[in-house]
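Colleague: I would like to learn how to read a protein model with care, going through one feature at a time. Could you take me through this one?

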Amino acid sequence: SGRLFAGLGQGLSRSTDGGASWNMIMPKSAGPVLHIHFSKTYGIIAGGLYHSTTGEEGSWDTFPCEYQGNIAAFLESSWGGLIAGGDGVVYTSTDSGSTWVEAPVAGGLRIEAIRELPDGMLIAGGTPVDPSIPGGISVSADSGKSWTRIGLSEWDIHTIVLADSQTILLGSGRGIFRSTNVAGPWELYNEGLAATHVCGLATLD
């Protein structure tokens with residue numbers, strides 16, 4: 001308890017004194033740490049696909065996935081699958097990370113957020129790998145094996161949360177989109193926001 005973790009442009013740092021001091025626990029050679037995921041099964045998963053049950057320096061292993069680059073989104077699904085979002089692709093594993101399957105995402109999104117909906121469908125959002133290609137959201141109804149672009153293609157999507165069992169919120173370059181159906185319609189809920197480029201959303205029960 002009381003531990004803080006910071007994903008850096010190179011490596012991962014940890015503080016055990018409320019942020020007064022920091023120590024590197026993952027080497028700079030690991031590259032940018034764009035996500036940090038806490039798992040009861042695997043411990044801490046961060047960066048590309050590094051994981052550690054203790055979070056101590058020198059205790060990190062990697063899942064055997066060919067791609068260890070800019071993984072910015074990670075999901076541990078309700079059915080036990082592991083889903084990681086990369087540059088234009090999503091990687092899935094159904095055997096505790098031993099093997100991974102690559103699935104291209106429609107339109108080549110650089111995935112920044114993945115969420116599982118109550119019905120098991122996956123929704124992913126991101127920014128285009130190629131700036132000339134639109135952003136938006138994609139969905140998968142087969143546990144991440146295939147993806148379909150469904151909307152909001154004119155906007156980059158940076159974060160996705162479920163406000164409740166029916167309401168989906170997306171943080172985008174235009175503000176917060178809200179819908180009770182993954183297929184839309186999507187409404188903007190920006191009243192009171194000091195800025196409308198939303199990079200992070202979180203809920204607290």
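**The pocket, the sheet and the salt bridges**

Modeller: The lining of the largest pocket is made up of nine nonpolar, five polar and two charged residues, where Ala, Val, Leu, Ile, Met, Phe, Trp, Tyr, Cys and Pro count as nonpolar, Asp, Glu, Lys and Arg as charged, and the others, Gly among them, as polar. This is a predicted model, in which local features need pLDDT of at least 70 and side-chain atom pairs count only at pLDDT 80 or more, while totals for chains, interfaces and linings use all residues. Residues are numbered from 1 along each chain as its sequence is written, and side-chain values use heavy atoms, with hydrogens and water left out.

Colleague: What is the volume of the largest pocket, and which residues are the closest to its centre?

Modeller: Rolling a probe the size of a water molecule over the atoms shows where empty space is left. On a 1 Å grid over the protein atoms alone, a pocket is an open set of points where a 1.4 Å probe fits, with protein on both sides within 12 Å along at least five of seven lines, and lining residues have an atom within 4 Å of a point. Here the largest pocket has a volume of about 240 Å³, and of its 16 lining residues the closest to the centre are His 35, Ala 72, Ala 73, Phe 74 and Arg 115. Strand E12 gives the largest share of the lining, four residues.

Colleague: In what order do the four strands of the open sheet stand?

Modeller: Strands are DSSP runs (E, at least two residues) numbered from the N terminus, and two of them pair if DSSP finds at least two bridges between them. In this open sheet the order is E8-E9-E10-E11, with antiparallel pairing. E8 (73-76) and E11 (101-104) each have a single partner strand, so one side of each is left without a neighbour in the sheet. Four bridges join E8 to E9, and Ala 73 has Gly 85 as its bridge partner in E9.

Colleague: How many salt bridges are counted?

Modeller: Side chains of opposite charge can pair when their charged atoms come close. The count is two, a salt bridge being a side-chain nitrogen of Lys or Arg within 4 Å of a carboxyl oxygen of Asp or Glu. In one of them, Asp 87 pairs with Arg 110, with the closest N and O atoms 2.9 Å apart. Asp 87 lies in the loop between E9 and E10 and Arg 110 in E12, so the pair ties together parts that are 23 residues apart in sequence.

Key: Points joined across faces, edges and corners; volume = space filled by probe spheres on them.
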